[in-house]
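Subject: Structure handover

Hello,

Here is the structure we spoke about, with notes on what turned up in it. Please keep it open while you read.

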Amino acid sequence: TFNALIKRTMDIIGSSIAIIVSSPVMLILCILIKLTSPGPLIYKQERVGLHNQTFRMYKFRSMVTNAEELKKKLAEETGQEDRFIFKMKDDPRITKVGHFIRKTSLDEFPQFYNVLKGDMSLVGPRPALPEEVARYGSLYSARLLVKPGITGPWQVSGRSDLSQEQSEYLDVSYIENWSIAGDLAILAKTVMVIFTGRGSY
């Protein structure tokens, strides 16, 4: 459709500009990550995108290399075994540089390459893990009808402070009421959220 073409054009132009403008910052982050924590610079994780297709999502590594092994133990300790999104304040897996780049959302910058490739969009629901998608109900499966985004209603409405039910409602509402103007509004709000760091941990 015409709207879909406009959205993809926005994604290509926006991600290209973002990559060029942020390249000096990304170079500095690569140096800091390498100097302060052993392991790869980029963390690659399988996520589920449009029409249930999987892709590798990129992030600057903000955690220790054995973070996934520690996740199960921490989920049990915090009573989050049945929660789609595992989040905890003062997560011991996060590195010193990791705390800063997560607070400022700089860890998400490599996802501009995902947008340029077409795996993701600038705006959309949060990219889900395969195990999360396996537990979706029929209503929440609607989020697979659009590309996941770097930012979206979840990020500008409370982020990690939201409950699972609130996050799901925002995603479905975004899909049902999608518009170019709505995407532009979310992008503008995202800038404000990044500067305040609200709900980010």
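A place to start is E108, which at 21% relative accessible area is partly exposed; buried means under 20%, exposed over 50% and partly exposed in between, with a 1.4 Å probe and protein chains only. Before going further: this is a predicted model, in which local features need pLDDT of at least 70 and side-chain atom pairs count only at pLDDT 80 or more, while totals for chains, interfaces and linings use all residues. Residues are numbered from 1 along each chain as its sequence is written, and side-chain values use heavy atoms, with hydrogens and water left out.

Salt bridges

E108 forms a salt bridge with K59, the closest N and O atoms being 3.6 Å apart. The term stands for a side-chain nitrogen of Lys or Arg within 4 Å of a carboxyl oxygen of Asp or Glu. E108 sits in the loop between α3 and α4 and K59 in strand β2, so the pair links distant parts of the chain, 49 residues apart. Helices (H or I, at least four residues) and strands (E, at least two) are DSSP runs, numbered from the N terminus. K59 is buried, at 18% relative accessible area.

Searching the whole structure gives six salt bridges. Another of them joins the side chains of K7 and D183, at 2.5 Å from N to O. K7 belongs to helix α1 and D183 to helix α7, so this pair ties together parts that are 176 residues apart in sequence. Both K7 and D183 are buried.

R143 and D171 also form a salt bridge, with 2.9 Å between the closest N and O atoms. Since R143 lies in the loop between α5 (130-133) and β4 (149-151) and D171 in helix α6, the pair ties together parts that are 28 residues apart in sequence. R143 is buried at a relative accessible area of 4%, and D171 is buried at 3%.

Overall layout

The chain has seven helices and four strands, in the order α-β-β-α-α-α-β-α-β-α-α along the sequence. Of its 201 residues, 46% are buried. Contact here means heavy atoms within 4.5 Å; among contacts between residues at least 6 apart in sequence, 71% join residues at least 24 apart.

Nonpolar cores

A nonpolar core is a set of buried Ala, Val, Leu, Ile, Met, Phe, Trp, Tyr and Cys residues joined through side-chain atoms within 4.5 Å. The largest one has 23 residues, of which F60, I101, F109, F112 and M120 touch the most other members. The elements that give it two or more residues are α1 (2-36), β2 (54-60), α3 (96-103), α4 (111-117), β3 (121-123), α6 (164-176) and α7 (180-196). Helix α1 supplies the largest share of this core, five residues. Apart from it lies another core, of seven residues, including A128, V133, Y136 and L144.

Leaving out residues up to four places away in sequence, I101 touches L29, I33, F60, R61, S62, L106 and D107.

There is one aromatic pair. Rings of Phe, Tyr and Trp (its six-membered ring) pair if their centres lie within 6.5 Å; planes under 30 degrees apart count as stacked, over 60 as edge-to-face and the rest as tilted. The rings of F109 and F112 have centres 5.7 Å apart and planes at 65 degrees, so they are edge-to-face. Both F109 and F112 are buried.

Loops

W178 is in the loop between α6 and α7 and counts as partly exposed, at 27% relative accessibility. Not counting residues up to four places away in sequence, W178 touches N3, K7 and D183. K7 and D183 are the salt-bridge partners described above.

Most residues other than glycine have a negative phi. H51 is in the loop between β1 (42-48) and β2 and is exposed, at 53% relative accessibility. S105 is in the loop between α3 and α4 and is buried, at a relative accessible area of 10%.

Regards
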